[in-house]
Amino acid sequence: MRQLRIAAVGDVHLDERLRGSYRKRLDGIEEHADVLLLAGDLTRHGTLEEAAVVADEFRDLPVPVVAVLGNHDHHSDRPAEIAAMLSDAGITVLHDDAAVFDIDGVRLGVAGGKGFGGGYAGKCASDFGEPEIKAFVGHTKRIAERWRVALKELQADRRVVLSHYSPVKDTLAGEPLEIYPFLGSYLLAEAVDAEGADLIVHGHAHAGTEKGVTPGGIRVRNVALPVLGRAYGVYCL
């Protein structure tokens, strides 16, 4: 089975002022990667005008492009419209589901979605008390369960999970401890470990660390642009 090269980046935070600038950084991507994953926070404030820039920067690339939305992309309460704009540009947008791509005869499955917060084992929120806390934790639980189902049903030779929020605290090192519960949740890692994957990529933690691993031994990579310091990272399977 041939090696697959997974390019990934998140937190590009594009707006009209940056139109055309990111596209230049993608020249020749097909020489380095077989697919490009976008790990959320593609816009600054989640406006349709910003989403139009994202669509133009990443449309018609010579490799498949797969995206999830991030918290910034939800800020203006237009996530469905943003996702539709990206889809119209030929970008596959995941909503806690999965897609499969044939890469020279190798079936690459990509599962995931935005993810959410809650914290990490031993120091996390629980669905107890006020309805607002129950809703916060319940949202993450529902997302994790949808990921588990998507992975269970995914028929592919290689499996990658794409998220905005982090499934592990390893890749948050450098961020203030006080905000860890708002950067991800261990429930996401539990879901992936339960069904298996070859790689997890996420963004969101601008001051974090690139490399981590789930309790089950799955590689995790924080591909937020400020962490990578380059147009995209490439990870081989």
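**Aromatic rings in their setting**

Mentor: Of the 237 residues of the protein chain, 52% count as buried, where buried means under 20% relative accessible area, exposed over 50% and partly exposed in between, with a 1.4 Å probe and protein chains only. The model is predicted, so local features need pLDDT of at least 70 and side-chain atom pairs count only at pLDDT 80 or more, while totals for chains, interfaces and linings use all residues. Residues are numbered from 1 along each chain as its sequence is written, and side-chain values use heavy atoms, with hydrogens and water left out.

The protein chain comprises six helices and 13 strands; these are DSSP runs numbered from the N terminus, with H or I over at least four residues for helices and E over at least two for strands. Its radius of gyration is 17 Å, close to the 18 Å of the globule rule for 237 residues, so the chain is as compact as a globular protein of that length. That radius is taken over C-alpha atoms, and the rule is 2.2 Å times the number of residues to the power 0.38. Among contacts with a separation of 6 or more, 73% join residues 24 or more positions apart, a contact being heavy atoms within 4.5 Å.

Turning to the rings, a search of the whole structure finds four aromatic pairs. Rings of Phe, Tyr and Trp (its six-membered ring) pair if their centres lie within 6.5 Å; planes under 30 degrees apart count as stacked, over 60 as edge-to-face and the rest as tilted.

One of these pairs is Tyr 22 with Phe 58, which is tilted, at 5.7 Å centre to centre and 45 degrees between the planes. Tyr 22 belongs to helix α1 (residues 21-24) and Phe 58 to helix α2 (residues 48-58), so the pair ties together parts that are 36 residues apart in sequence. Tyr 22 is buried at 3% relative accessibility, and Phe 58 is buried at 1%.

Phe 116 and Tyr 165 also form a tilted pair, with 5.7 Å centre to centre and 55 degrees between the planes. Phe 116 sits in the loop between β6 (106-113) and β7 (119-120), and Tyr 165 in the loop between β9 (158-163) and α5 (186-195); the pair therefore ties together parts that are 49 residues apart in sequence. Phe 116 is buried, with a relative accessible area of 18%, as is Tyr 165, at 7%. Phe 116 and Tyr 165 form one aromatic cluster with Phe 136 and Phe 182.
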